[in-house]
Amino acid sequence: MRIVVLAKHVPDTWSDRHLDLSTGVIDRQGGEQVPDEISERALEVALRYRDAAGADGGELTEGAEPVEVIALAMGPAEASAMLRKLLAMGADEAVLVTDAELAGADAMRTARVLAGAVRRLGADLVLAGDRSTDGGTAVVPAMLAELLGAAVLPAAESVEISGEGVHAVTVTDGATVRLSSGFPCVVSVTDQVGEPRLVKFTQIMTAKRKPLQTWSLAELTEGADAGALAGAASSVMVSAQRREAKEAGVLINAADDDTAVQQLADFLSARRPR
């Protein structure tokens, strides 16, 4: 089985992030770029399944099919450092699609490029985070499934993979939904699927010897996908403005006097939708 895990390098969520107001996109020139945490959780799901299929020492249990886990990303050349971390976590190999023409690609173009890469890799299962911490569109996995003609299991809080297919649980506002699909399929996961494993120093050193391929758009668009990828346009941000700083809230202390109730009523009345 071949499992492709979608990965994305994003600004560190613990650092200050800023929009470039001239382009409307995140300024990625300053600060550390790291693997999106949800990408690490998606990879963990794949690694758990692979681990369950094999024994210590990397030997497969009797009757088990070999499982290959590939981390796939689209981004600038610097994203290779992020993929090396996923290789250290346990991915067998990694692929980075990088091209200056893809800078600022929107969700649709991103999905088209990733679909081309997934077809080239021949994946049985694609795992992804349900949304990235920088864009947060939460639509790429579903778009990817549509382009691949595969089923999509969205926003899974738990995932069980077998040789026949995938079972997942999705929680909505009104229900808990149990989903299942055969292969090929695309599964997006939430942060409820579990914590990613810690990386040891020896794994970091081993990751340096694992294969990391870099594909340009020209290489990826050879053949049937050329028109769909090369001619795909990106959305353009028309305008952006900085969010206003938060102001101190109104403090109403009921212990001061008997006017607290009236103060609260006036406060709510002034903010009532008209």
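Is helix 3 largely enclosed by the rest of the structure, or is it largely open, and how many of its 15 residues are buried? Keep that in mind, everyone, while I show you around; what we have here is a predicted model.

Let's start with the whole chain. We have 274 residues, and 39% of them count as buried. The fold is made of 8 helices and 13 strands. If you take the contacts with a separation of 6 or more, 70% come from residues 24 or more positions apart.

Now, back to helix 3, which runs over residues 107-121. As for my opening question, 11 of the 15 residues are buried, so helix 3 is largely enclosed by the rest of the structure. Among those buried residues are Ala107, Arg109, Thr110, Val113, Gly116 and Leu121. Just after the helix comes Gly122, with a positive phi of about 70°.

The largest nonpolar core has 39 residues, and Ile3, Leu83, Leu127, Ile161 and Val187 have the most contacts inside it. Take Val187: leaving out residues up to four places away in sequence, Val187 touches Leu125, Val126, Leu127, Ala128, Leu153, Ala156, Val159 and Val166. Apart from that core lies another one, of 26 residues, including Met74, Ala107, Val113 and Ala145. You'll remember Ala107 and Val113 from the buried residues of helix 3.

Thanks, everyone!

Methods: Residues numbered from 1 in each chain as written. Predicted model: local features only at pLDDT ≥ 70, side-chain atom pairs only at ≥ 80, totals over all residues. Heavy atoms only, no water. Helix = DSSP H or I, 4+ residues; strand = E, 2+ residues; numbered from the N terminus. Buried < 20%, exposed > 50% of the residue type's maximum accessible area, 1.4 Å probe, protein only. Contact = heavy atoms within 4.5 Å. Expected span 1.5 Å × (residues − 1). Core = buried A, V, L, I, M, F, W, Y, C linked by side-chain atoms within 4.5 Å.
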